[in-house]
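Student: I have a structure to go through with you. I want to know what stands behind each label.

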Amino acid sequence: MKHDSIWKLMLLILFLGLTVSCRVTITRNGENDVDAAVQMTLEAIQQTQTAVAVNAQATPQESSPEDDQSAQEPQVEDSEEEEDTCNVSRFVSETIPDGTTFTAGEAFAKSWTILNNGTCDWNTGYRMVFEEGDRMGGALTIPIDHVIHPGESFTFSTALTAPASNGDYTGVWRIKSDDDENLGKYWVKISVGVPVTFAVTHVSFYMPHYSIDMGCPGSVTVSAEITTSDGGVVTFKWDDSLGCPGCVTKSISFAGAESKIIQHTMTISSTGDYWAKMYIDAPNHQWFGPVDFHVNCTP
């Protein structure tokens with residue numbers, strides 16, 4: 001559009017110049033007629049320039065496709081996707097610390113105590129499944145046998161056997177929801193070939209019932225089965241949701257790779273949710289549990 005206007009202006013100036021030159025009369029002095037002609041030409045040019053400028057201002061300028069797209073596209077702010085807090089698991093404790101050494105073919109048990117750190121109940125459709133690595137004879141699926149509410153923990157356990165060949169081995173299990181959503185994954189890492197050192201390999205908690213109706217105040221007993229890899233002395237201490245009044249560090253001797261049961265008694269005075277757990281000071285320096293239960297005080 002600009003180029004067309006410029007060409008029109010130049011043609012108009014040329015035309016006016018020719019017209020004026022034809023109308024100029026040379027007099028004896030010659031100056032007045034020439035000046036008048038020049039003045040007429042300048043006025044015509046100025047009028048033409050003004051008209052062209054007005055026309056250019058009234059005509060919208062063309063733009064590139066890129067400019068049009070940029071103008072039409074709205075500016076959208078980035079927004080974070082809401083995090084799904086329904087199915088969330090969090091590691092609490094485990095038996096068989098990473099790097100534990102076993103002899104070839106030795107049987108042992110691995111357990112993971114996992115907290116339901118989400119907002120949804122874990123029903124009996126939830127389970128831990130083997131995912132990858134060396135299964136070592138472990139369970140393909142480790143089920144949940146009761147509903148685990150948010151804030152409660154569950155201990156997944158499986159029996160394993162150290163491989164026949166020396167080396168390092170890792171097996172990975174993952175928690176899955178009842179509709180197969182993936183939660184956290186957990187593993188066992190062992191070495192085979194070096195003599196076993198003394199360690200607590202497993203602590204299992206047991207209660208006849210996890211929901212108890214009883215007269216209050218009353219006593220509730222929690223049992224723990226401690227399993228060791230060899231003979232030695234285990235030192236331990238209980239803890240519970242009541243602050244464990246009177247709990248002190250105790251010890252128990254093992255003649256070899258065996259299991260022994262110890263008990264812990266809690267005095268319950270009101271309806272509510274309670275828990276108990278155990279700290280193995282020597283040789284593991286490790287927490288096991290907690291085990292969760294509910295008491296309903298009856299008249």
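Student: What pattern do the disulfides of the chain follow?

Tutor: The pattern is 1-2, 3-6, 4-5, with bonded cysteines counted along the chain. The model is predicted: local features need pLDDT of at least 70, side-chain atom pairs count only at pLDDT 80 or more, and totals for chains, interfaces and linings use all residues. Residues are numbered from 1 along each chain as its sequence is written, and side-chain values use heavy atoms, with hydrogens and water left out.

Student: How many disulfides does a search of the whole structure find?

Tutor: Three. The rule asks for a pair of cysteine sulfur atoms within 2.5 Å.

Student: Why are Cys86 and Cys120 called a disulfide?

Tutor: Their sulfur atoms are 1.9 Å apart. Cys86 sits in the loop between α3 (65-72) and β1, and Cys120 in the loop between β3 and β4, so the pair ties together parts 34 residues apart in sequence. Helices (H or I, at least four residues) and strands (E, at least two) are DSSP runs, numbered from the N terminus.

Student: What makes Cys120 partly exposed?

Tutor: Its relative accessible area is 22%. Buried means under 20%, exposed means over 50%, and partly exposed lies in between (1.4 Å probe, protein chains only). Cys120 therefore counts as partly exposed.

Student: How do you know the handedness of the disulfide between Cys216 and Cys297?

Tutor: From the torsion about the S-S bond: it is about -80°, so the disulfide is left-handed. Cys216 lies in the loop between β10 (211-215) and β11 (218-228), while Cys297 lies in strand β16 (residues 286-298), 81 residues apart. The S to S distance is 1.8 Å. Cys216 has a relative accessible area of 26%, so partly exposed is the label.

Student: Is Cys244 buried or exposed?

Tutor: Buried, with a relative accessible area of 6%. Cys244 forms a disulfide with Cys247, the sulfur atoms being 1.6 Å apart. A torsion of about -60° makes that disulfide left-handed.

Student: Now the charged pairs. Why is Glu94 with Lys110 called a salt bridge?

Tutor: A salt bridge needs a side-chain nitrogen of Lys or Arg within 4 Å of a carboxyl oxygen of Asp or Glu. Glu94 lies in strand β1 (residues 89-94) and Lys110 in strand β3 (residues 107-116), so the pair ties together parts 16 residues apart in sequence. Both Glu94 and Lys110 are buried.

Student: What parts does the pair of Arg174 and Glu131 tie together?

Tutor: Arg174 lies in strand β7 (residues 167-176) and Glu131 in strand β4 (residues 127-133), so the linked parts are 43 residues apart in sequence. The closest N and O atoms of this salt bridge are 2.6 Å apart. Arg174 is buried at 14% relative accessible area, whereas Glu131 is partly exposed at 33%.

Student: How do you know that Glu132 and Lys185 form a salt bridge?

Tutor: Their closest N and O atoms are 3.9 Å apart. The limit is 4 Å, so the pair counts. Glu132 belongs to strand β4 and Lys185 to strand β8 (residues 182-192), so parts 53 residues apart in sequence are tied together. Glu132 is partly exposed, at 40% relative accessible area. Lys185 is partly exposed too, at 37%.

Student: How many salt bridges does this rule give?

Tutor: The count comes to four.
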